[in-house]
Amino acid sequence: MKKKPFITALQLVFMTSGSALVFPYTFMPILNTPPSNQDVWIVLIMTIAYMFLLNIPLLVITNNFRGLSFNETFEMILGKFFGKLMALFYVLFFAYCFTACMLIVSMFINLYLFPDTPTWGLLVTILIAVCYAAYNGAGTIGRLSTIFVPIIIFTIVTFFLMGLGKMDWGVLRPVLADSKFIDMNIGAFLTAARYSETIIFFLFAQYIDEKVNINKTYIRAVLTFAVNFMLILLPTILVLGVDFARIAWNPYYVYTRQVEALGFLERMQAINTLAWFPLALLKLSLYNYMVSHVFSGIVGAKSHKSFVIPVSLLGFIVCLIPIMDTSSTIELLRSDRIFPFVTLPVIFGLPLIILIVYFIRKKKIKLALRRRQQKAAGQ
Amino acid sequence: MLSLSGCWSRIEPKYLGIVNSLIYDVDDEGKFIVHLEFLNAADAGSGDGGKSKGSNYTIRAMGDSPREAIANASQSVDRSIFGGHYKVRFFSEKLAKQSVNPTLDYILRAKITDETTLIGVIKGDKPEKIYEATLDLSDTVGNYIETMSRFLPDSSLKAVFPTTLDFVRDYYSDGKQPVALLVEIVENPSQTPKGEDKGGDGGKGEEKKEYKIVCEGLAAFKDGVLAGYFNGEETRAYNFIMNKVHNIHITVPSETGNTVFGITGSKCKVKTSMDGDKIKIDVKLKFNTNIAAETGEIEINDPKEIKKLEESFNEKLKKDVEGAIKKAQQEFESDIFGFGEFVHDQHPKEWRDMKKDWDEKFKEAEISVSVESRIRRYGEIKRPFRYEEEDK
């Protein structure tokens, strides 16, 4: 059953943390979740705890079904029909993430970089690169992550260091005085609920050497994300102030616009853009691949490749529907009213149901797994 | 990305009208007026190192909103107006007294206008006169103010140079009101126009007026509306409270002359307390000073004299700071010092109830100022120069 391990643990860490970093780098939703004040950095720390908690079901499943594909795992636990049905839910979710991300990326480019370029022009350019990466599959995406994610981490650290002189640490005061404990928990929960990258873990774990400890890799990925998120969040609020940062579409980009050094290093936001764009493409490639891969499993196709372009076209068409390509729709899609509640069932609710079914049918499933392994060994 | 940059949004630099500074103004009928100062990139890059006079030009345009006024300006410019290199944006006194909020909304919303630009108010009713002023070594008003903002704070604290971001941050703060750079255009009768041919009468004709730009004081705002001005000394006191102190000098009169103190370091601490509904604010200022000059006959080697000098320094600064705070409390009714932020920090529970009417509370707050100073050095000579001479 063991497949060729063509993704390393480091690539998986970069893929998940890089994909997760796109949203804070782009619009930092944590600033608008409760308590929405100077304690937001504490909310981020609390978020990590919630992330671990919410991801337990998916991690347990990932650990117990190493080597099996996404569809195989679901069908093994839930049976063929319900397994396919469950996989279909995930396909819809990945398609939603793919489209929402594409809308957010095109809006950001339109607002901050190329106001005159039509959305279709932006989307075509984005999708050519996305299709290429997704078509080539998990290995290419994994290798791309090892190039793009270190670059973005480097820019995050550099921007943090270069902005130190402008940071007003007094912004963080008073600490824990204006926030209610319940609000902070709600904020942390909603932020954690946005973290859907554990599914990437679940899906790509089949390509990793079985000797690799999934839990350790997961912890590394979460910490990479959290530390970098903190390095994005802190300078943004310390330089812009919490209230102004909250009303900006892309607060981190606005922060990087303020960074200058040595009297001649100015307009550094160009570096932000250069690092952000490939990362956004990486996220889009991941989601495109996941839609295509899981859908090909549902319909029993040999390869995901034939679905890459149709998925891209579908996203392209949805993004061009006039009502979708408006700031208010995008704001709604990314807001706490929609996004966490779309993500939560997929990262916690459904995996929990699957896990319960797994524990109920554990003996049968174990037996089936053993047979599979024996069959694979016989081959 | 690279291919797109060469597409729809591409404008060749030679077609850009690069705005270096601009003034937002308003007329009596409420129409917005903008004065744009363009940088002539071709001139600036010429062999004269860009220092030639006349390498900038200005235009005026009107509209129902600041954005429309700028769009209307395009009708008289043969280039695409580019605001990515603003050095300073000014508000006229008239507009600032009405409200800068609509203009700021446009500034923050627009893609091209960023927050690093300096923000100021031009005193008087003819703000456009700034473009007629002598610019010394600079070629544009924007560059002149920007260069000044880099070097003036090192020698004088009588001005502030906030960026648009500083202004916006303070605007959004519940416990602090924003301030802006204050610019005044004054006549400069001592200077004659450079290179100006006065005609065949050998310069006896009517002399053209020269103006100069004076950056002294600050413009205090309250909820986006100009509340008043601080003069240079009051602004210096403001900077002391803001902990924005560089190596500056202060002259304190003594019985026999003047003593010039060089301030090498300072620290301002603010403590707040509650006495029922009354708010008490203690402002403690500590200075490290040097004697930079002594024009009188004080024996500065004598510890008693040093003590006296310290006391007179403390007294002078206490008076200055108290005066500035009183003006903000009583005239502006605007907490430009950010004492509200200290109350928020030190009494967060009480702050929740008072933050909405903090301006009222600030007006009635009991504020005490104490100044401590220490003279650490008195330069390379031990006695006043004059004293030494008489001793001979």
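## Ground rules

Helices here are DSSP runs of H or I with at least four residues, strands are DSSP runs of E with at least two, and both are numbered from the N terminus. This is a predicted model, where local features need pLDDT of at least 70 and side-chain atom pairs count only at pLDDT 80 or more, while totals for chains, interfaces and linings use all residues. Residue numbers start from 1 along each chain as its sequence is written, and chains are lettered from A, with ligands numbered from 1, in the order in which they are written.

## Cis bonds in chain A

Let's start with two prolines. Arg173(A) and Pro174(A) are joined by a cis peptide bond with omega at about -5 degrees. To find Pro174(A), go to the loop between helix 6 (138-163) and helix 7 (181-193) of chain A.

The other bond runs from Pro34(A) to Pro35(A), and it is cis too, with omega near 0 degrees. Pro35(A) sits in the loop between helix 1 (9-26) and helix 2 (40-64) of chain A.

## Positive phi without glycine

That loop between helix 1 and helix 2 of chain A also holds Met28(A). Met28(A) isn't a glycine, yet its phi is positive, about 45 degrees. Is Met28(A) buried or exposed? Met28(A) counts as buried because it has 24 C-beta neighbours inside 10 Å. The cut-offs go like this: buried takes 20 or more other C-beta atoms within 10 Å of the residue's own, exposed takes 12 or fewer, and partly exposed is in between, with C-beta atoms placed from the backbone.

Over in chain B, Asn243(B) is another non-glycine with a positive phi, about 60 degrees. Look for Asn243(B) in the loop between helix 8 (232-241) and strand 11 (248-253) of chain B. Asn243(B) has 11 other C-beta atoms within 10 Å, so it is exposed.

## Two domains in chain B

Chain B is assigned domain 1 (13-195 + 207-230) and domain 2 (235-392), with bounds from an automatic or database domain assignment. Their C-alpha centres are 32 Å apart. Domain 1 of chain B puts 22 residues into the contact and domain 2 of chain B puts in 26; contact means C-beta atoms, placed from the backbone, within 7 Å.

On the domain 1 side, the elements giving two or more residues are strand 9 (211-222) and strand 10 (225-230) of chain B. Strand 9 of chain B provides the largest share of that side, five residues. By type, the domain 1 side has ten nonpolar, seven polar and five charged residues. Nonpolar covers Ala, Val, Leu, Ile, Met, Phe, Trp, Tyr, Cys and Pro, charged covers Asp, Glu, Lys and Arg, and the others, Gly among them, are polar.

Methods: Contact = placed C-beta atoms within 7 Å.
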